[in-house]
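Visitor: I have a model open and a few contacts to go through. Can we take them one at a time?
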Amino acid sequence: MEKDAKIYVAGYKGLVGSAIKRKLEEKGYTNLIFSDIDDFDLQRQTETEAFFEKEKPEYVFLAAAKVGGIWANKTYPAEFIYSNLSIEVNVIHAAYKHGVKKFLFLGSSCIYPRLAPQPMKEAHLLDSPLEPTNEAYAIAKIAGLKMCRYYNEQYGTNFISVMPTNLFGPNDNYDLQTSHVLPALIRKFHEAKINNKPFVELWGTGSPKREFLYVDDLADAVVFLMEKYDYKDIGEIINIGCGEDISIKELAEMIKSIVGYEGELKWDTDKPDGTPRKLLDVSRLKELGWTPQHTLKQGILNTYKSFLKEQDRWKSR
Ligand code: GFB
């Protein structure tokens, strides 16, 4: 990617899109364009095609998606499959139609089977049934990565698909119903501390294990791949993660101590645990020369600092 190449980040206001924007600016890319839902709707094909016709980006990062934690995915599967499929179909086809040089599609570690061997290799895709709580989102993401592959095979495009693990960081979603676990725990422990609450209620049993990657490391990885590797090097998909996981219980203890909350933890076992484990095998990315810069603790500390600046946005929600 030339420093003055026209680079489009779709979904630049979200957790991932804002991190990719920061990383591109930090690395001196000067010809950046962005869009988010309040500019136009990528779920609408005509609006998407009109944008590509007008802007003719050379490189595209598709960070726009409908995302959420386990409760949101379990509760709104129709919205998750509709929104994500329509965004992907429109943007991937427009990228092909308007001759985009290189396109990066963001999937998720939830595309792998519920009981895939751990750590999960790219080859485990579609080996056995998916996790029911997020099957809709997973199928939408699998459709997107397969579409990139088949456009590459039929039309000779250079569309690469990356599968990140659970992400967190600045600009995350702290809505206590729809968020992922890490931001939810930061907010729950912080609000319990300042309101002197005797306990904090968490979901499930705390026994599932999750891998977490700080979003600025993800942004570094996707820019690294876009700069250095093509579809012919990467193949259908490549995992992005830190290579270690932690139980939800251990994560809660870590965040409790960082926030400085001293009350009790209670576990609402009526809430789902989801998949027992989803640790990614990141050996292929390591062989390409990339490893993350932040430890989980450093990432949580940075995220808590950014939450303290963003918290007013979430008070009423
Ligand atoms: O992060 P999370 O919502 O999604 O939940 P997944 C991870 C684990 O944390 C589950 C537990 O076992 C939850 O029961 N947990 C405990 C909590 N307390 C809480 C809480 O207060 N809030 C939340 N949200 N969880 C998602 C997929 O699965 O992973 C998405 O649903 C996406 O599609 C994402 O793939 C990366 O990690 O289980």
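Visitor: Which residues does R187 touch, not counting residues up to four places away in sequence?
Guide: R187 touches Y174, D175, L176, F307, W314, K315 and R317, where contact means heavy atoms within 4.5 Å. This is a predicted model, in which local features need pLDDT of at least 70, side-chain atom pairs count only at pLDDT 80 or more, and totals for chains, interfaces and linings use all residues. Residues are numbered from 1 along each chain as its sequence is written, and side-chain values use heavy atoms, with hydrogens and water left out.

Visitor: Is R187 buried or exposed?
Guide: R187 counts as buried because its relative accessibility is 3%. Buried means under 20% relative accessible area, exposed over 50%, and partly exposed in between, with a 1.4 Å probe and protein chains only.

Visitor: What does the side chain of R187 reach?
Guide: The R187 side chain reaches the backbone oxygen of Y174 at 2.8 Å.

Visitor: Where is the place of R187?
Guide: R187 is in helix 6, residues 181-194. Helices (H or I, at least four residues) and strands (E, at least two) are DSSP runs, numbered from the N terminus.

Visitor: At what angle do helix 6 and helix 9 cross?
Guide: Their axes cross at roughly 45° and come within 9 Å. Axes are lines fitted to C-alpha atoms, for helices over the stretch in contact, and angles run from 0 to 180 degrees between N-to-C directions. That makes helix 6 oblique to helix 9; under 35 degrees counts as roughly parallel, over 145 as roughly antiparallel, 65 to 115 as roughly perpendicular and the rest as oblique.

Visitor: Which residues in helix 6 and helix 9 meet?
Guide: V181, L182, L185, I186, F189, H190 and K193 in helix 6 meet I248, L251, A252, I255, K256 and V259 in helix 9.

Visitor: And how do helix 9 and helix 11 pack?
Guide: Helix 9 (residues 248-259) packs against helix 11 (residues 296-310) at about 50°, the axes being 11 Å apart. On the helix 9 side the contact is made by L251, M254, I255, I258 and V259, and on the helix 11 side by L296, K297, I300, L301 and Y304.

Visitor: New topic. Where does T133 lie?
Guide: T133 lies in the loop between strand 4 (102-106) and helix 5 (135-155). With 11% relative accessibility, T133 counts as buried.

Visitor: Which residue's side chain does a polar contact join to that of T133?
Guide: E131, at 2.6 Å. A polar contact is a pair of N or O atoms within 3.5 Å; within protein, one must be able to donate a hydrogen and the other to accept it, and residues adjacent in sequence count only if both atoms are side-chain atoms.
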